[in-house]
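Please read it alongside the sequence and the coordinates.

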Amino acid sequence: MRDDDFDLDVVDPEDARLEQVVAALTPAELEAAIARLPHDLQAAATGVLVQRRTYSDVSQDLGMRQPELVRALRRARGIIARRLAGPPEGDLA
């Protein structure tokens, strides 16, 4: 599959899990979590997760292709979910 061949209807099970974790947050918790993301992920996450805008609208406003937006959202959800989970058990650091 080429990079520009992208199907937004295909859902990875891990992506679905991360989406559920993020969806369980209150609006205030979600906004706080997004504020702690790397700057390059904040606008994408805010547009889709907080403002509930379409991938198409957000990608156009940010000047990025939809596959890039999907990757940014995957990263954002992953970071938020890992921070919510805290350090792994047995991690002394």
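Is Glu68 buried, partly exposed or exposed, and at what relative accessibility? Glu68 counts as partly exposed, at 31% relative accessibility, where buried means under 20% relative accessible area, exposed means over 50% and partly exposed lies in between, with a 1.4 Å probe and protein chains only.

## Basis of the model

This is a predicted model, in which local features need pLDDT of at least 70 and side-chain atom pairs count only at pLDDT 80 or more, while totals for chains, interfaces and linings use all residues. Residues are numbered from 1 along each chain as its sequence is written, and side-chain values use heavy atoms, with hydrogens and water left out.

## Overall fold

The protein has five helices and zero strands, and its elements run α-α-α-α-α from the N terminus on; helices (H or I, at least four residues) and strands (E, at least two) are DSSP runs, numbered from the N terminus. Of the 93 residues in the protein, 29% are buried. Among contacts (heavy atoms within 4.5 Å) between residues at least 6 apart in sequence, 59% join residues at least 24 apart.

## Salt bridges

Side chains of opposite charge can pair when their charged atoms come close. The structure holds three salt bridges, each defined as a side-chain nitrogen of Lys or Arg within 4 Å of a carboxyl oxygen of Asp or Glu. One of them joins Arg75 and Asp40 at 3.6 Å, N to O, and this pair links distant parts of the chain, with Arg75 in helix H5 and Asp40 in helix H3, 35 residues apart. Arg75 is partly exposed at 43% relative accessibility, whereas Asp40 is exposed, with a relative accessible area of 52%.

Arg53 and Asp61 form another salt bridge, at 2.2 Å from N to O; Arg53 is partly exposed at 29% relative accessibility, and Asp61 is exposed, with a relative accessible area of 56%.

## A buried arginine without a salt bridge

Arg77 lies in helix H5, which covers residues 66-85. Arg77 is buried yet has no salt bridge, and the nearest side chain of opposite charge, that of Glu19, is 4.3 Å away; for charge, Lys and Arg count as positive and Asp and Glu as negative, while His and the chain ends are not counted. Leaving aside neighbours within four places in sequence, Arg77 is in contact with Leu18, Glu19, Val22, Leu49 and Tyr55.

Gly47 lies in helix H3 and is buried, with a relative accessible area of 2%. Apart from neighbours within four places in sequence, Gly47 is in contact with Arg52, Arg53 and Val58. Ser59, in helix H4, is also buried, with a relative accessible area of 4%; the C-alpha atoms of Gly47 and Ser59 are separated by 9.2 Å, the two residues being 12 apart along the chain. Beyond neighbours within four places in sequence, Ser59 is in contact with Met64, Arg65, Gln66 and Leu69.

Arg52 is found in the loop between H3 and helix H4 (55-62), and counts as exposed at 66% relative accessibility. Most residues other than glycine have a negative phi. Arg52 has a positive phi of about 60° although it is not a glycine.

## The second largest pocket

About 200 Å³ of space lies in the second largest pocket. Of the 13 residues that line this pocket, the closest to its centre are Val22, Ala23, Leu30, Leu49 and Arg52, and the elements that give two or more residues to the lining are helix H1 (13-23), helix H2 (27-35) and helix H3 (39-50). On a 1 Å grid over the protein atoms alone, a pocket is an open set of points where a 1.4 Å probe fits, with protein on both sides within 12 Å along at least five of seven lines, and lining residues have an atom within 4 Å of a point. Grid points are joined across faces, edges and corners, and a volume is the space filled by probe spheres set on the points.

The lining divides into eight nonpolar, one polar and four charged residues; Ala, Val, Leu, Ile, Met, Phe, Trp, Tyr, Cys and Pro count as nonpolar, Asp, Glu, Lys and Arg as charged, and the others, Gly among them, as polar.
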